[in-house]
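Good morning. I will go through a few local features of one model, and I will give the cut-offs as the terms come up.

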Amino acid sequence: MNVSFHEKPGYREMRNNLTMARRFGAALQALGRDARETDARVGRGSTDMGDLSLHLPSIHPYLAICDEGESLCHEHRFADCAASDRGMSTMLVAAKAMARTTLDLLEDPKLFAKSGANSDAAH
């Protein structure tokens with residue numbers, strides 16, 4: 001019996017657009033949330049967002065919905081945290097920060113150009 005493998009590219013590395021990420025961080029801070037630019041505790045994992053980020057300026061922010069060490073993604077406790085008041089309020093803060101970031105990019109042509117949002121694979 002012969003076994004062969006065909007590798008299909010996918011789940012590529014995530015390229016966070018720092019211009020957009022920093023603007024998102026500023027929006028979070030304006031909403032009362034601390035933002036870290038990097039966090040060694042956050043694993044790289046796999047996501048198709050990486051594939052997208054190679055062609056479109058992207059960010060993949062993480063916001064805590066559980067206490068540190070309480071749960072990891074894809075655990076039942078994490079689902080409980082997501083459905084909690086803290087999870088819901090964090091979702092609203094994230095949505096507001098993302099909306100503010102989008103408006104900033106649309107309202108400021110220089111920021112938009114710096115983000116590379118009008119070019120392929122900007123980072």
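I start with Ser71, which counts as buried because its relative accessibility is 14%; buried means under 20% relative accessible area, exposed over 50%, and partly exposed in between, with a 1.4 Å probe and protein chains only. This is a predicted model, where local features need pLDDT of at least 70, side-chain atom pairs count only at pLDDT 80 or more, and totals for chains, interfaces and linings use all residues. Residues are numbered from 1 along each chain as its sequence is written, and side-chain values use heavy atoms, with hydrogens and water left out.

Ser71 sits in the loop between helix 2 and helix 3. Helices here are DSSP runs of H or I, at least four residues, and strands are runs of E, at least two, numbered from the N terminus. What does the side chain of Ser71 make a polar contact with? The partner is the side chain of Glu75, at 3.2 Å. The Ser71 side chain also reaches the backbone nitrogen of Phe78, at 3.0 Å. A polar contact is a pair of N or O atoms within 3.5 Å; within protein, one must be able to donate a hydrogen and the other to accept it, and residues adjacent in sequence count only if both atoms are side-chain atoms.

His74 is in the loop between helix 2 (49-53) and helix 3 (76-83). Is His74 buried or exposed? It counts as exposed, because its relative accessibility is 82%. The phi of His74 is positive, near 70 degrees. For background, most residues other than glycine have a negative phi.

Now helix 1. Its 13 residues, 18-30, should span 18 Å at 1.5 Å a residue, and the end C-alpha atoms are 18 Å apart, which agrees; the expected span is 1.5 Å times one less than the number of residues. At the N-terminal end, Asn17 caps helix 1, with a side-chain oxygen 3.2 Å from the backbone nitrogen of Thr19. After helix 1 comes Gly32, with a positive phi near 90 degrees. Within helix 1, the buried residues are Thr19, Met20, Phe24, Gly25, Ala27 and Leu28. Their cover includes helix 4 (85-107) and helix 5 (109-115).

That is the end of my notes.

Key. Contact = heavy atoms within 4.5 Å.
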